[in-house]
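The report that follows is meant to be read beside the sequence and the coordinates. Please keep both in view while going through the sections.

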Amino acid sequence: MKIHNRLTAGLILDTKEVELRNYGLSGAYLRYADLIGADLIGADLRGVDLSSADLRGVDLRGANLTNADLTAADLKDVDLHGANLTAADLRYADLRGANLTNADLTNADLIGARLDHCVGTNSKGEQNEDI
């Protein structure tokens, strides 16, 4: 499957270990997508619908997930280091083991989210286990 620099809204992506580093996916429909182990470093995922998607082990370092819908997404062991999750919908998402170091969760909805064994930093930059 050939991936272009910008995927259009309405595309349903069902693939594993795809590399979409720095791609613009803003507004794409990726509900129920299987993206296990994908490389999404620095990807533009603003407003993307990733509800109920399988994102286990995905590398989302520095990705922009502002206003993304991640409701009930499987985000186990995902790397969100430095990601922007401003106003993201993470209700009932499974974030067990996720790296949230320097992630921006301003106004993110985390109701019912699983956050066991997450890693992050506090306001002093000291490492915290089990956020």
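Which residues does Leu65 touch, not counting residues up to four places away in sequence? The partners of Leu65 are Leu45, Leu50, Leu60, Leu70, Leu80, Asn84, Leu85, Thr86 and Ala88.

## Model and confidence

The model discussed here is predicted, and its confidence values should be kept in mind throughout. The mean pLDDT of the chain is 81, with 71% of the residues reaching 70 or more. Over residues 1-14 the pLDDT falls below 50, although this stretch has 26 contacts in the model beyond near neighbours in sequence. Residues 122-126 also have a pLDDT below 50, and for this stretch the corresponding number of contacts beyond near neighbours in sequence is 3.

## Overall architecture

In terms of secondary structure, the chain has 0 helices and 2 strands.

Of the 131 residues of the chain, 45% count as buried, while the chain exposes about 6600 Å², of which carbon and sulfur atoms supply 44%. Among contacts between residues at least 6 apart in sequence, 1% join residues at least 24 apart. Leu45 and Asp69 are 24 residues apart in sequence, and their C-alpha atoms are 9.8 Å apart in space; Tyr29 and Ser51 are 22 residues apart in sequence, with a C-alpha to C-alpha distance of 9.1 Å.

## The nonpolar core

In soluble globular proteins, nonpolar side chains tend to be buried together. In the present model, the largest nonpolar core has 34 residues, and those with the most contacts inside it are Leu50, Leu55, Leu60, Leu65, Leu70 and Leu80. The contacts of Leu65, with residues up to four places away in sequence left out, include Leu50, Leu60, Leu70 and Leu80, each of which is also listed among the residues with the most contacts inside the core.

Tyr29, by contrast, counts as partly exposed, with a relative accessibility of 31%.

## Salt bridges

Side chains of opposite charge can pair when their charged atoms come close. How many salt bridges does the structure hold? The structure holds 11 salt bridges. One of them joins Asp74 to Arg56, with the closest N and O atoms 3.7 Å apart. This pair links distant parts of the chain, since both Asp74 and Arg56 belong to the segment before β1 but are 18 residues apart. The two partners fall into separate accessibility classes, as Asp74 counts as buried at 18% relative accessibility, whereas Arg56 is partly exposed at 35%.

In a further salt bridge, the side chains of Arg91 and Asp89 meet with an N to O distance of 2.7 Å; here Arg91 is partly exposed, at 31% relative accessibility, and Asp89 is buried, with a relative accessible area of 17%. Arg114 and Asp116 also meet through their side chains, at 3.2 Å from N to O, and in this pair Arg114 is partly exposed at 38%, as is Asp116 at 31%. Salt bridges that share partners join Asp54, Arg56, Asp74, Lys76, Asp94 and Arg96 into one network.

## Backbone geometry

Most residues other than glycine have a negative phi, and most peptide bonds are trans. Which value does phi take in Tyr32, a residue other than glycine? Phi of Tyr32 is near 65°, a positive value, and Tyr32 counts as exposed because its relative accessible area is 56%, over the 50% cut-off. Asn67, which is not a glycine, has a positive phi of about 60°.

Definitions and conventions. Residues are numbered from 1 along each chain as its sequence is written. This is a predicted model: local features need pLDDT of at least 70, side-chain atom pairs count only at pLDDT 80 or more; totals for chains, interfaces and linings use all residues. Side-chain values use heavy atoms; hydrogens and water are left out. Buried means under 20% relative accessible area, exposed over 50%, partly exposed in between (1.4 Å probe, protein chains only). A salt bridge is a side-chain nitrogen of Lys or Arg within 4 Å of a carboxyl oxygen of Asp or Glu. Helices (H or I, at least four residues) and strands (E, at least two) are DSSP runs, numbered from the N terminus. pLDDT is the predictor's confidence in each residue, from 0 to 100. Contact means heavy atoms within 4.5 Å. Accessible areas come from the Shrake-Rupley method with a 1.4 Å probe; for residues, only the protein chains shown count as cover. A nonpolar core is a set of buried Ala, Val, Leu, Ile, Met, Phe, Trp, Tyr and Cys residues joined through side-chain atoms within 4.5 Å.
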